[in-house]
Amino acid sequence: NSRARYATYLKGFLNYLGIPFDVKVKVPKTLPDYVETSDIDQIVQWIKSKHSHKNSITRDLTLLETAKRTGMRRSELANLKVRDISLDKNRLYVRGGKGDKDRVIPIHTKLKNSLSDLIQGKTEMERVFGLKPRSLGNKFRNWSNQAGVDLHTHSFRHHFATKLVERGANIRAVQELLGHTNLNTTQVYLSVTGDHLEETIGLLD
């Protein structure tokens with residue numbers, strides 16, 4: 001994956017210089033890690049046990065819950081502003097996601113009150129979580145290390161997608177929620193558990 005990414009950067013630069021670059025790097029097709037709910041619960045319990053200011057703990061728990069129930073990317077979480085949350089319409093708007101695309105995500109009932117409390121008193125243009133992407137990612141990594149699990153920000157996106165697919169969500173709806181351009185990218189989550197293959201195996205004698 002790293003070689004393929006570097007080859008893309010190099011090709012763009014060399015094309016700019018008028019130098020042909022025909023090297024192609026085959027990207028391995030690997031499955032996303034399966035994220036156990038129990039691992040996320042361990043992080044939640046660690047955050048709750050922290051000796052921090054109550055407001056900090058509330059912010060952190062809401063951040064984690066938002067990642068878990070929206071599948072947003074690290075940069076999207078960091079760039080989420082108060083104006084992007086419509087409690088009346090029960091909608092959360094992702095502005096300028098990957099590929100500079102906007103999308104809308106319904107707010108889960110278990111997330112609505114937490115978000116409502118967090119944005120109270122903030123201006124329309126303030127960041128909801130008050131963190132830049134790198135700081136936000138470091139916070140997730142620190143939580144995981146302290147809780148004794150191996151998760152990062154993107155793990156919550158995997159968890160979101162896998163749980164929806166496991167429970168029979170329409171794959172195109174999942175694609176739209178994740179902001180994937182290509183359906184093939186979303187379909188990878190079908191193979192994480194292999195549940196959709198059980199009926200086929202059952203056809204054997």
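Helices (H or I, at least four residues) and strands (E, at least two) are DSSP runs, numbered from the N terminus, and two strands pair if DSSP finds at least two bridges between them.

The model shown is predicted, so that local features need pLDDT of at least 70 and side-chain atom pairs count only at pLDDT 80 or more, whereas totals for chains, interfaces and linings use all residues. Residues are numbered from 1 along each chain as its sequence is written, and side-chain values use heavy atoms, with hydrogens and water left out.

**Figure 1**
Read from the N terminus, the elements follow the order α-α-α-α-β-β-β-α-α-α-α-α-α. Taken along the principal axes, the box filled by the C-alpha atoms is roughly 60 × 55 × 35 Å. Of the 205 residues, 39% are buried, where buried means under 20% relative accessible area, exposed means over 50%, and partly exposed lies in between (1.4 Å probe, protein chains only). The accessible surface comes to about 13000 Å², and carbon and sulfur atoms hold 49% of that area; such areas come from the Shrake-Rupley method with a 1.4 Å probe, and for residues only the protein chains shown count as cover.

**Figure 2. Three antiparallel strands form an open sheet in the order β1-β2-β3.**
The edges of the sheet are β1 (85-86) and β3 (103-106), each of which pairs on one side only. Strand β2 (residues 91-94) is joined to β1 by two bridges, with the two strands running antiparallel, and S86 is placed opposite R91 in β2. Between β2 and β3 there are four bridges, again in the antiparallel sense, and here V94 stands opposite R103 in β3. In a regular strand the side chains alternate between the two faces of the sheet. In β2, L92 and V94 make up a covered face, while R91 and Y93 make up an uncovered one.

**Figure 3. Four residues lie between the strands in the hairpin of β1 and β2.**
N90 belongs to the loop that links β1 and β2, and its phi is near 60°, a positive value in a residue other than glycine. Most residues other than glycine have a negative phi. The relative accessible area of N90 is 22%, which means that this residue is partly exposed.

**Figure 4. The largest nonpolar core has 43 residues.**
A nonpolar core is a set of buried Ala, Val, Leu, Ile, Met, Phe, Trp, Tyr and Cys residues joined through side-chain atoms within 4.5 Å. The members that touch the most other members are I43, L63, L64, L115, V128 and F129. At least two residues of this core come from each of α2, α3 (54-70), α4 (74-79), β2, α5 (109-119), α6 (133-147), α7 (153-166) and α8 (171-178). Leaving aside residues up to four places away in sequence, V128 is in contact (heavy atoms within 4.5 Å) with L80, K81, V82, I85, L115, L118, I119 and K122.

A salt bridge is a side-chain nitrogen of Lys or Arg within 4 Å of a carboxyl oxygen of Asp or Glu. R69 and E65 are buried. D84 is buried, at a relative accessible area of 3%, whereas R83, at 40%, counts as partly exposed. Elsewhere, K50, R59, D60 and K139 belong to one network, joined by salt bridges that share partners.

**Figure 5. L10, F13, Y16, L17 and I19 make a nonpolar surface patch of about 540 Å².**
Patches are made of residues with over 30% relative accessible area and no salt bridge, like charges being joined within 9 Å and nonpolar side chains (Val, Leu, Ile, Met, Phe, Trp, Tyr) within 5 Å. I19, one of the patch members, lies in the loop between α1 (2-16) and α2 (37-49). With a relative accessibility of 39%, I19 counts as partly exposed.
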